[in-house]
Amino acid sequence: MVLLVPELTFLTGLADLRKNSRMLKEVMWEMIQSPQQHYQRLTSLLCRIRSTPDASWELERWGLCLDRDIYRTQGHILPVERINLRHRSFLPAEDLGWHREVTKEVPIAVISINSWLLIYPKRLQHLAKDLLAAMRSSCGAMGMQVGQPTVQELRDDRIETYVRTIQSSLGSHDKMQLLLCIIPSGRDDVYGAIKKLCCVQTPVPSQVINAQSLTGHPGKIRSVVQKVLLQINCKLGGQLWGVDIPL
């Protein structure tokens, strides 16, 4: 048995961030820093160490000396890759993202969704309605066609209810292209059961959406739905974009 003295230990890691959106946003801000921001924070740390007598004395006691600046070396900047869609090509912006372009243009290859199954618990029926509306309003610009799904509304959100309904629905419909499920927030067990069923037992492309992703202002929901449509297109065999690969 190992006994730890509480006053001599430090808590590592973070609690479940999904329940604290503010902390999650702060952590993401710390992680997504530009090279210039990283440089400024490192040089600021060096300046603070030099200007703090205790820190400078401690380093001298260890026989260490820190330069006033971080190490500089000659780097090579690679040319920006051109992104090719079906009807146009473009160079990415400085942030190297092209989500806006690919959601307003037609991808290289698009798969129409004609036969698909939508499953959600009854208490989330308002989210399912919003999801369908957002999918229909977003698919046109992306060259996708989204047909009317076969809808199964569950009486509860138990794992057994999801599994039985999926098995029954897939068994009664031939050549189902896609299964789309809305699950309650924080239900990783439901997610795992659905993926196991759809990947191992009854193979079918599946998309599972967390209910929390569909809550918020319309702009956020629209962005989530656009990304979901891109994922679905890939899972069904579509091709979103390409780059020029020389011989």
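**Exercise 1. A residue in a loop**

Which residues does Pro 205 touch, not counting residues up to four places away in sequence?

*Solution.* Step 1: leaving out residues up to four places away in sequence, Pro 205 touches Gln 177, Leu 178, Leu 179, Lys 235 and Leu 236. Keep in mind that you are looking at a predicted model.

Step 1: find Pro 205 in the chain. This residue sits in the loop between H7 and E6.

Step 2: decide how open Pro 205 is. Its relative accessibility is 27%, and partly exposed covers the range between under 20% (buried) and over 50% (exposed). Pro 205 therefore counts as partly exposed.

Step 3: compare sequence and space. Between Pro 205 and Lys 122 there are 83 residues in sequence and 23 Å from C-alpha to C-alpha.

**Exercise 2. Building up a sheet**

In what order do the strands of the open four-stranded sheet lie?

*Solution.* Step 1: start with E3 and E4. Strand E3 covers residues 116-121, and five bridges link E3 with E4 in the parallel sense. Here Tyr 120 stands opposite Glu 153 in E4.

Step 1: go to the next pair. E3 also pairs with E5 in the parallel sense, this time over four bridges. Trp 116 has Leu 178 of E5 as its bridge partner.

Step 2: Leu 179 has Ser 206 of E6 as its bridge partner.

Step 3: The order is E4-E3-E5-E6, an open sheet with parallel pairing. E4 (150-154) and E6 are at the edges with a single partner strand each, so one side of each has no neighbour in the sheet. On average, neighbouring strands of this sheet are turned by 15 degrees against each other, direction ignored.

Step 4: look for helices on the sheet. Helix H5 (residues 125-139) packs there and touches E3, E4, E5 and E6, with its direction at about 150 degrees to that of E3. Helix H6 lies across E3, E4 and E5 and runs at about 160 degrees to E3.

**Exercise 3. Two pairs of helices**

*Solution.* Step 1: take H6 (residues 159-172) and H7 (residues 188-201). They pack at about 25 degrees, and their axes are 9 Å apart. Angles under 35 degrees count as roughly parallel, and H6 and H7 are therefore roughly parallel to each other. Their crossing is right-handed.

Step 1: see who makes the contact. H6 brings Ile 159, Tyr 162, Val 163, Ile 166 and Gln 167, while H7 brings Asp 189, Val 190, Ala 193, Ile 194, Leu 197 and Gln 201. By class, these are eight nonpolar, two polar and one charged.

Step 2: turn to H2 (residues 35-51) and H3 (residues 53-62). Their axes come within 5 Å and cross at roughly 85 degrees, which makes H2 roughly perpendicular to H3.

Step 3: list this contact too. Ile 49, Arg 50 and Ser 51 of H2 meet Pro 53, Ala 55, Ser 56 and Leu 59 of H3. The contact has four nonpolar, two polar and one charged residues.

**Exercise 4. A second sheet**

What is the strand order of the open three-stranded sheet?

*Solution.* Step 1: begin with E1 (residues 83-84), which pairs with E7 in the antiparallel sense over two bridges. Asn 84 stands opposite Gly 242 in E7.

Step 1: write the order, E2-E1-E7, with antiparallel pairing.

Step 2: name the edges. E2 (89-90) and E7 (242-243) are the edge strands, each pairing on one side only.

How values were computed: Residues numbered from 1 in each chain as written. Predicted model: local features only at pLDDT ≥ 70, side-chain atom pairs only at ≥ 80, totals over all residues. Heavy atoms only, no water. Axes fitted to C-alpha atoms, helices over the stretch in contact; angles between N-to-C directions. Parallel < 35°, antiparallel > 145°, perpendicular 65-115°, else oblique. Left-handed = near helix turned anticlockwise from the far one by under 90°. Contact = heavy atoms within 4.5 Å. Nonpolar A, V, L, I, M, F, W, Y, C, P; charged D, E, K, R; others polar. Pairing = 2+ DSSP bridges. Buried < 20%, exposed > 50% of the residue type's maximum accessible area, 1.4 Å probe, protein only.
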